[in-house]
Amino acid sequence: MKVFVARQAIFNRRKQVVAYELLFRDGTRNSFPDIAEDVATAKLIMDNQLNLGTRYLTSGKKALINIGPDSLKQELAHFLPARDVILELLESINPTSDNYEKVRQLFHQDYRLALDDFEYTKKWEPFLKLIRLVKFDIQQNSLDSISELVEEFKRRKNMKLLAEKVETEAEFEQAKEMGFHFFQGYFFAKPRVIQQNDIETNHAIVMLIYSEVLRKHMNIDKIARLFAQDTALAYKLLRLINSGVFPLKNRIESLKQALVYLGDERIKKFVGLIMTAHVAEGKPTELTRLSIVRSRFCELIAKSVNPNIKSMSFLTGLFSLLDAILDRPMEQVVSRLPFPEELHDALMGKHNLLYYILNVVKAYESGSWWQLQEACSLLNIDDSRLPDFHVEAIRWADMYNETLF
């Protein structure tokens, strides 16, 4: 599998390269792909930091990586080594108290922070104490229009200024005269696309790991066995451990040891990163959320019908939309999974108890009263209990979405 990333050099006043901005690409075409910002950042981390590493791409220099509001909320920056990166807080981040607290935590974890395409308002003042680099888009705001703000910022200790989208010699000289420290733009170099090889990830195995992480008490042994079934995921896990993000005192000798070292919360965040980067790529997040609601809904129905199959019913709901998420036939998806025949048959539409439970959930979602009555009669359950089950499933899904994403 080929993965792509573009890098654009950042120069100092002597036109020497001091850092690179890394930009996600989905092919050799040098333009930003039409995907969500958090997906782009997640894929940049998964395909590059957890592949050969950012230092490989930047020849040992600092890497500037974009962090937008969703990436900030998901704490994706925690999968990057602080010593190797500068986090660019995108202009789409609002200067709220919640975002300030997240940025402050990054600052105290020794991440260097930058503001991208910055436009000043008083609400940014608390943030500016934590910022070490401010980037000005000089095509969006001319150098003359920001001269007073530049003069003010030059007086702030520990803050450097970068002129972005410098396209001519005259713009470079004017920015340099105004006191800018760093420069980036087509005048120096267009972003260069770098192609690397990566290992294909088995999305179905990711979903199995995801189902284990959703449980109240995750089974580390089972999760380790699932990681062992996918070379790509095992490699990414060990790369994460050895990437410099976490202090490592002892050598890791097994996947289980790596997972124990991460701990439950970091495992959840790591699985959330994988899900964002690869499984629901280009798909509405509602599909993923709906599959989680279905899993709990199916489980609650199974507990009232036949508690012995509640675990399989949970997986039936969770995987019921995987064909839509992956744009692949369900038969192709489930054929690669170590499922019992009963679960496999239900997902393939064969009539059994798991299928009937899923059918109740689908009928409830569609709001079809006649179909719901028929589906409930096949299970001999009272439909009056379903609204409570549904509310509980939504509440449960929201709780775990907050934990993972």
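Me: Which residues line the largest cavity?
Reply: In this predicted model, the lining of the largest cavity consists of Ser71, Leu72, Glu75, Ala77, His78, Lys102, Gln105 and Leu106.

Me: Which elements give two or more residues to that lining?
Reply: Those elements are α3 (69–74) and α4 (97–108). The most is given by α4, with three residues.

Me: And how do the lining residues divide into nonpolar, polar and charged?
Reply: Three residues of the lining are nonpolar, three are polar and two are charged.

Me: How much space lies in the largest cavity?
Reply: The largest cavity holds about 70 Å³ of space.

Me: How many cavities of 30 Å³ or more does a search of the whole structure find?
Reply: The search finds two cavities of 30 Å³ or more.

Me: Let us turn to the protein as a whole. How many helices and strands are there?
Reply: The protein has 19 helices and nine strands. Of its 405 residues, 53% are buried.

Me: What share of the contacts between residues at least 6 apart in sequence joins residues at least 24 apart?
Reply: The share is 66%.

Me: Now helix α8. Why is it described as largely enclosed by the rest of the structure?
Reply: Helix α8 spans residues 203–213, and eleven of its eleven residues are buried, so the helix is largely enclosed by the rest of the structure. The buried residues of α8 include His203, Tyr210, Ser211 and Glu212, as well as Ile205, Met207 and Val213.

Me: Staying with Ser211, is it buried or exposed?
Reply: Ser211, which is in helix α8, has 1% relative accessibility and therefore counts as buried.

Me: What does its side chain reach?
Reply: The side chain of Ser211 reaches the backbone oxygen of Leu208, at 2.6 Å.

Me: Which residues is Ser211 in contact with, leaving aside neighbours within four places in sequence?
Reply: With those neighbours left aside, Ser211 is in contact with Phe314, Leu315 and Leu318.

Me: New topic: aromatics. How many aromatic pairs does the structure hold?
Reply: There are 15 aromatic pairs in the structure. One of them is Tyr120 with Phe153: the ring centres are 6.2 Å apart and the planes stand at 80°, so this pair is edge-to-face.

Me: Where in the chain are Tyr120 and Phe153?
Reply: Tyr120 is in the loop between β5 (112–115) and α5 (125–128), while Phe153 is in helix α6 (residues 147–154). The two residues are 33 residues apart, and their pair links distant parts of the chain.

Me: How accessible are they? Take Tyr120 to begin with: what does it count as?
Reply: Tyr120 has 30% relative accessibility and therefore counts as partly exposed. Phe153 has 0% relative accessibility, so Phe153 counts as buried.

Me: What about Phe172 and Phe183: why is that pair edge-to-face?
Reply: The ring centres of Phe172 and Phe183 are 4.9 Å apart and their planes are at 75°; planes over 60 degrees apart count as edge-to-face, so the pair is edge-to-face. Phe172 belongs to helix α7 (residues 169–178) and Phe183 to strand β8 (residues 182–184), eleven residues apart. Both Phe172 and Phe183 are buried.

Me: Which residues do ring pairs link into a cluster?
Reply: The cluster consists of Tyr100, Phe118, Tyr120, Trp124, Phe127, Phe136, Phe153 and Phe180.

Me: Next, Arg112. Where is its place, and what does it count as in accessibility?
Reply: Arg112 is in strand β5. Its relative accessibility is 38%, so Arg112 counts as partly exposed.

Me: How far apart are Arg112 and Glu88 in space?
Reply: They are 8.9 Å apart, C-alpha to C-alpha, and 24 residues apart in sequence. Leaving aside neighbours within four places in sequence, Arg112 is in contact with Lys62, Val85, Ile86, Leu87 and Arg132.

Me: Lastly, Ala42: which helix does it lie in?
Reply: Ala42 lies in helix α1 (residues 37–49). With 0% relative accessibility, Ala42 counts as buried.

Me: Which residues is Ala42 in contact with, aside from neighbours within four places in sequence?
Reply: Those contacts are with Leu76, Leu273, Thr276 and Ala277.

Terms used
Residues numbered from 1 in each chain as written. Heavy atoms only, no water. 1 Å grid on protein atoms, 1.4 Å probe; cavity = no way out; pocket = protein on both sides within 12 Å on 5 of 7 lines; lining within 4 Å. Points joined across faces, edges and corners; volume = space filled by probe spheres on them. Helix = DSSP H or I, 4+ residues; strand = E, 2+ residues; numbered from the N terminus. Nonpolar A, V, L, I, M, F, W, Y, C, P; charged D, E, K, R; others polar. Buried < 20%, exposed > 50% of the residue type's maximum accessible area, 1.4 Å probe, protein only. Polar contact = N/O pair within 3.5 Å; in protein donor to acceptor, adjacent residues only side chain to side chain. Contact = heavy atoms within 4.5 Å. Phe/Tyr/Trp six-rings, centres within 6.5 Å; stacked < 30°, edge-to-face > 60°.
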